[in-house]
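Biologist: I should like to learn how to read a protein model feature by feature. May we begin with the exposure of a single residue and proceed from there?

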Amino acid sequence: MKPPAPLNYIRSFESAARHLSFTAAAQELGYTQAAISSHVRALEQYIGRQLFIRYPRSLKLTDMGEAFLPTLRQALAEIDNATEAIVAKGRNRTVVVTCPVSLAENWLAAVMAPFHGVHPAIEVVLQGTVWEDTDEQLSDLTIAIRRFDDQPSSGTLLWDDELVLVCSPRLLAGDAPLRTGADVMRQPWIQVLGRQECWQIMAEALHLGTAERPRSLAANSTNVALELAARGAGIVATQWSLAQVYIERGLLVEPLPVRRPSPWAYYLVENPLSKGNYCRAVREWIVAHAAANKANPPRA
């Protein structure tokens, strides 16, 4: 296997793509223009595809460059966030909480918003992540999503989740409203990459054959999938804990009263090197709010 591409090659490409200029990228990163050009050319050789069309005085991204850029930027952002988290950990009274970005936006943000008013002396850094293999040692507390057969060796189960179908209210009010499982086959299924099992489970619950499923859209983030559904693009099968805020805001509805236990659940894991009382206060706050989900489970 090839060794990973050097990070300076990737940063040089991202900056050049953002500015569409090797010169501007050189000024931003502190390299020479020749060095930026050399980094990008070496990256093109590494992946075996051209990333830029080079004109005498300008650059244009190729189709491959356009496709490569969003994922690369997301990965660089996680690296930068992780670096900032390390810096923040060195400050007194700072607690770093890492959480999948979908849950961070749809649940954890609301939970932590009032925390400072109760604990003004504690600084909390919320780090939303997309990739499952983020180094948990960077955080004091990590909320991890795990399948039932891959539970963490240590950690607190926050709640048992359910799978639901959700779509825009407009799909219920159209010319062919959703009323039965057969109606679901007429709509696009929005898939979340890595969570295709959600649709398999819900299709079985509705006695639908997945082999004949309708055309689908896909996203690598649950929130992107939920946004697509809110705009009428189709139906999502996902966890209640992630869809709940969209339903409460009236952006999504459950077209059919069918739910199934989710194979995935969220666990809170504490770093053994975390900061004593400060970390304990954040942990107890999160667990207490998670207990509210256990005490008031979603209703079908």
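Modeller: Let us begin with Asp63, which counts as exposed because its relative accessibility is 72%, above the cut-off of 50%. Asp63 belongs to helix H4, residues 63-89. Please keep in mind throughout that this is a predicted model.

Biologist: Which residue is 11 places from Asp63 along the chain, and what separates their C-alpha atoms?

Modeller: That residue is Phe52, and the two C-alpha atoms are separated by 8.8 Å. Phe52 also takes part in a cluster with Phe13, Phe22 and Phe68, linked by ring pairs.

Biologist: How much of the protein chain counts as buried?

Modeller: Of its 300 residues, 45% count as buried. The chain exposes about 15,700 Å², and carbon and sulfur atoms supply 53% of that area. Its secondary structure comprises 11 helices and 12 strands.

Biologist: Which residues of helix H2 are buried, and what covers them?

Modeller: In H2, residues 22-29, the buried residues include Phe22, Ala24, Ala25 and Ala26. Their cover includes helices H1 (7-19) and H3 (33-47), together with strands E1 (52-54) and E2 (59-61).

Biologist: What is found at the two ends of H2?

Modeller: At its start, a side-chain oxygen of Ser21 comes to within 3.2 Å of the backbone nitrogen of Thr23. Just after H2, Gly30 has a positive phi of about 80°.

Biologist: How should a positive phi be read?

Modeller: Most residues other than glycine have a negative phi. Leu20 is not a glycine, yet its phi is positive, about 50°. Leu20 is located in the loop between H1 and H2, and it is partly exposed, with a relative accessible area of 38%.

Biologist: Where is His207 found, and is it buried or exposed?

Modeller: His207 is in the loop between helix H8 (197-205) and strand E9 (216-219). His207 counts as exposed, at 74% relative accessibility. His207 likewise has a positive phi, about 60°, although it is not a glycine.

Biologist: Let us turn to buried polar side chains. Where is Asp140, and what does its side chain approach?

Modeller: Asp140 is placed in the loop between strand E4 (123-129) and strand E5 (141-147). Asp140 is buried, with a relative accessible area of 0%. A polar atom of its side chain lies 2.8 Å from the backbone nitrogen of Val96.

Biologist: Is Asn271 buried or exposed, and in which loop does it lie?

Modeller: Asn271 counts as buried because its relative accessibility is 6%, under the cut-off of 20%. Asn271 lies in the loop between E12 and helix H11 (276-295). The side chain of Asn271 reaches the backbone oxygen of Ser139 at 3.1 Å. Asn271 and Ser139 are 132 residues apart in sequence, yet 6.9 Å apart in space from C-alpha to C-alpha.

Biologist: What share of the contacts joins residues at least 24 apart in sequence?

Modeller: Among contacts between residues at least 6 apart in sequence, 76% join residues at least 24 apart.

Biologist: How is a pair of aromatic rings described?

Modeller: One gives the distance of the centres and the angle of the planes. A search of the whole structure finds seven aromatic pairs. One of them is the tilted pair of Trp159 and Tyr266, with 5.9 Å from centre to centre and 55° between the planes. Trp159 lies in strand E6 (residues 156-159) and Tyr266 in strand E12 (residues 264-270), so the pair ties together parts that are 107 residues apart in sequence. Both Trp159 and Tyr266 are buried.

Biologist: Which arginine residues lie over the face of a tryptophan?

Modeller: Arg195 lies over the face of Trp264, 4.8 Å from the ring centre. Arg259 lies over the face of Trp240, 4.4 Å from the ring centre.

Biologist: Where does pLDDT stay under 50?

Modeller: It stays under 50 over residues 295-300, for which the model has five contacts beyond four places in sequence. Where pLDDT is low, the predicted coordinates should not be read in detail. For the protein chain, the average pLDDT is 86, and 89% of the residues score at least 70.

Note on methods: Residues numbered from 1 in each chain as written. Heavy atoms only, no water. Helix = DSSP H or I, 4+ residues; strand = E, 2+ residues; numbered from the N terminus. Buried < 20%, exposed > 50% of the residue type's maximum accessible area, 1.4 Å probe, protein only. Polar contact = N/O pair within 3.5 Å; in protein donor to acceptor, adjacent residues only side chain to side chain. Contact = heavy atoms within 4.5 Å. Areas by Shrake-Rupley, 256 points an atom, 1.4 Å probe, with all protein chains shown as cover. Phe/Tyr/Trp six-rings, centres within 6.5 Å; stacked < 30°, edge-to-face > 60°. Lys NZ or Arg CZ within 6 Å of the ring centre and 35° of its normal. pLDDT = per-residue confidence, 0-100.
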